[in-house]
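Open the model in your viewer and keep the selection tool ready. The tour starts at a pocket and then moves to charged pairs.

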Amino acid sequence: MTLDQVIESYLKGWELGDGMLSLSATAAHFYYDDPNTGRITRDGFVEFVEDFKRAAIEMGASPGASPFLRYSDTVIQRNKEEATIWCWWQAQGTDLQGSALIKATSEGILHEKIAYFSRLP
């Protein structure tokens, strides 16, 4: 895959809630950092996406919502061999939202780190 195809497939997988599609765009040593669950390696990623979708449904998302995630901002900084992607996302139909920082090469997505947004009490 080209770098652009890697980025497009990974983000589209999250947008649709399709963990297998996102996984298909990851590098062999991919990891996902979530502040609530810790580091998820490639072999646990699809299960993590399914758990994430279940949590969003418990928070009010419609089962099968399309899109699952809505991006209000996506910024991509590219150079010849890699890209850094920043996204603001929200699970459709919920207040669950946050920021993602993703590193990609033509080898695949190397890692993603997310942060959740919530209002202070």
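Start with the largest pocket, which holds about 160 Å³ of space. A pocket here is an open set of points on a 1 Å grid over the protein atoms alone, where a 1.4 Å probe fits, with protein on both sides within 12 Å along at least five of seven lines. Points are joined across faces, edges and corners, and the volume is the space filled by probe spheres set on them.

This is a predicted model, in which local features need pLDDT of at least 70 and side-chain atom pairs pLDDT 80 or more, while totals for chains, interfaces and linings use all residues. Residues are numbered from 1 along each chain as its sequence is written, and side-chain values use heavy atoms, without hydrogens and water.

**Stop 1: the pocket lining.** Select Asp34, Asn36, Thr37, Phe48, Asp51, Phe52, Ala55, Met59, Leu96 and Tyr116. These residues line the largest pocket; a lining residue has an atom within 4 Å of a point. Colour them by class: six are nonpolar, two polar and two charged. Nonpolar covers Ala, Val, Leu, Ile, Met, Phe, Trp, Tyr, Cys and Pro; charged covers Asp, Glu, Lys and Arg; the others, Gly among them, are polar.

Which helix gives the most to this lining? Helix H3, residues 45–58, with four residues. Helices (H or I, at least four residues) and strands (E, at least two) are DSSP runs, numbered from the N terminus.

**Stop 2: along helix H3.** Stay on this helix and show the side chains of arginine 54 and aspartate 51. They meet in a salt bridge, 2.3 Å from N to O. The term means a side-chain nitrogen of Lys or Arg within 4 Å of a carboxyl oxygen of Asp or Glu. Both residues lie in H3, three residues apart, about one turn of the helix. Aspartate 51 also lines the largest pocket. Arginine 54 is partly exposed at 44% relative accessible area, and aspartate 51 is too, at 35%. (Buried is under 20%, exposed over 50%, partly exposed in between; 1.4 Å probe, protein chains only.)

**Stop 3: across two strands.** Select lysine 103 and glutamate 82, whose side chains form a salt bridge at 3.4 Å, N to O. Lysine 103 is in strand E5 (residues 97–105) and glutamate 82 in strand E4 (residues 82–91), so the pair ties together parts 21 residues apart in sequence.

The whole structure has six salt bridges.
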